[in-house]
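The stops below go from one selection to the next, with a note on what is found at each.

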Amino acid sequence: MINAIQQRAFPGCVVYASHRGNPILLKSYGYKTYDSLDAVYTSDLFDMASVTKVMASTLALMKLYEDGLIDLDEPLRNYVDGLGWRKISKVTLRQCLAHQAGLQSWIKFYEEIRRNNGRYKGHTISDSRSEDHPYKVAEGMFLHKEFYKRIKKYIKAAPVNREPQYVYSGLFFYLVPEMVQRLTRRPFEVYLQEVFYQPMGLSALTFNPAEKFTLDRIVPTEIDSFFRYEPIHGRVHDEGAILMKGISGNAGLFGTAEDVASLWQMWLNNGSLNGVQYLKPSTIDVFTSYQYANKGNRRGLGFDKPLLEYDSLISSVAKSASFESYGHTGYTGTLVWADPANDLLFVFLSNRVYPTRESKAIYQLNVRPDIHQALYDYLAAIIENCD
């Protein structure tokens with residue numbers, strides 16, 4: 001960790017690990033920025049980035065699945081209005097969650113709405129707050145209240161591969177909040193809070209954290225030089241999520257290491273936490289299993305899985321991680337990985353995109369898989385000594 005910070009992989013980080021539900025490591029390292037003025041604490045909130053796909057979208061869909069409100073093999077048009085008969089309307093939820101639908105990887109919405117002269121198109125972003133533009137994206141940038149309709153329009157028109165195949169894509173996850181609201185009659189974030197986060201006592205799992213916490217509790221991310229043109233602090237880093245008013249199924253969730261760990265411990269406990277059963281073990285088995293391994297796709301439903309054949313150059317996790325294990329990475333430098341075969345949970349929170357996303361040292365130094373492997377080696381040594 002010291003070497004990673006010295007090599008500017010990230011200015012600061014929190015690492016958590018537990019074995020058999022018992023914490024064995026919780027430690028903070030470094031500072032929130034490279035000026036070394038504000039140390040990172042274990043109680044700080046990090047931008048979870050794409051881990052949101054699991055801790056928000058997939059979590060909600062797991063509950064809807066076991067409540068009989070969704071069928072994983074039904075087409076997307078059955079759950080999202082207005083898709084017509086475009087190709088995207090025909091892909092199934094299973095294909096979308098496993099990234100097997102062949103959807104376009106992502107869309108730069110902020111570029112699509114910008115004219116050649118640099119100005120934004122009508123009904124998108126205004127330089128002043130108004131009734132029609134109430135949500136602040138950045139200083140001097142206010143989002144139209146119905147901008148989601150435009151996001152949906154771009155997603156509907158996005159190309160889809162002729163044959164279903166593995167393409168990691170976030171587009172489906174932008175539509176999950178609408179699905180959840182349509183099926184539960186509750187806004188996405190309200191549903192998550194009421195069904196999971198609040199009953200679990202996870203007060204530090206939230207969207208739009210600056211509305212609930214002071215900025216000194218929130219770790220900053222990038223200094224944006226191409227869209228918002230300001231330091232990103234207290235607002236979601238992802239450009240698409242900020243255009244969803246900070247509440248997206250693709251990114252947007254913030255959390256502390258301990259609250260993140262508690263949610264994942266529920267999955268490791270076969271759906272139970274503190275004596276309350278939140279999900280059925282069978283639901284967890286379905287979502288955390290390989291879906292299209294015969295097609296070379298390593299993904300579960302929402303969850304990432306170990307490579308089908310380990311490669312240290314591209315793996316984000318330890319070689320010792322079992323095939324039963326599952327997790328997800330986040331663009332901001334986060335990773336969470338649960339291994340039921342070894343009863344090991346690993347949480348790694350960092351802001352590797354500070355001050356710029358061009359920093360690749362976290363990958364070049366293999367920081368996360370090396371620390372993950374060190375945990376497996378530690379447990380193996382303990383077991384060997386006990387024997």
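Start with the aromatic cluster: select Trp264, Trp267, Phe303 and Tyr326, which ring pairs link together. Keep in mind throughout that this is a predicted model. The structure holds 17 aromatic pairs.

Phe172 counts as buried because its relative accessibility is 1%. Phe173 is also buried, with a relative accessible area of 0%.

Trp264 belongs to helix α9, while Phe303 is in the loop between α10 (281–287) and β10 (326–330), so the pair ties together parts that are 39 residues apart in sequence. Trp264 has 0% relative accessibility and therefore counts as buried. Phe303, at 0%, counts as buried too.

Two charged side chains come next. Then select Arg352 and Tyr331, where Arg352 lies over the face of Tyr331 at 4.6 Å from the ring centre.

Now select residues 188–200, helix α7. At 1.5 Å a residue, these 13 residues should span 18 Å, and the end C-alpha atoms are 17 Å apart, which agrees. Look along the helix for a kink of about 45°, centred on Glu194.

Which residues of α7 are buried? They are Phe188, Tyr191, Leu192, Gln193, Val195, Phe196, Tyr197 and Met200. To see their surroundings, show α2 (52–66), α6 (171–184), α9 (257–268) and β8 (272–273), against which the buried residues of α7 pack.

Gln198 is also in helix α7. Is it buried or exposed? Gln198 counts as exposed because its relative accessibility is 54%, and the cut-off is over 50%. Draw a distance from Gln198 to Leu215: the two are 17 residues apart in sequence and 22 Å apart in space, C-alpha to C-alpha.

Just after α7, Gly201 takes a positive phi of about 75°. In the loop between α6 and α7, select Arg185. Its phi is near 60°, a positive value in a residue other than glycine. Arg185 counts as exposed because its relative accessibility is 78%.

For the strands, select residues 12–19 and 22–30. These are β1 and β2, which run antiparallel and are joined by 8 bridges. Cys13 in this pairing stands opposite Tyr29 in β2. The two strands form a hairpin with 2 residues between them, and Arg20 in the turn has a positive phi of about 55°.

Asp343 lies in the loop between β11 (334–339) and β12, and its phi is near 55°, a positive value in a residue other than glycine. At 28% relative accessibility, Asp343 counts as partly exposed.

Last, select Tyr354 and Pro355, which are joined by a cis peptide bond with omega about -5°. Pro355 is found in the loop between β12 (344–350) and α11 (361–364).

Terms used: Residues are numbered from 1 along each chain as its sequence is written. This is a predicted model: local features need pLDDT of at least 70, side-chain atom pairs count only at pLDDT 80 or more; totals for chains, interfaces and linings use all residues. Side-chain values use heavy atoms; hydrogens and water are left out. Helices (H or I, at least four residues) and strands (E, at least two) are DSSP runs, numbered from the N terminus. The expected span of a helix is 1.5 Å times one less than its number of residues. The bend at a residue is the angle between axes fitted to the seven residues ending there and the seven starting there. Buried means under 20% relative accessible area, exposed over 50%, partly exposed in between (1.4 Å probe, protein chains only). Contact means heavy atoms within 4.5 Å. Rings of Phe, Tyr and Trp (its six-membered ring) pair if their centres lie within 6.5 Å; planes under 30 degrees apart count as stacked, over 60 as edge-to-face and the rest as tilted. A charge sits over a ring if NZ of Lys or CZ of Arg is within 6 Å of the ring centre and within 35 degrees of the ring normal. Two strands pair if DSSP finds at least two bridges between them.
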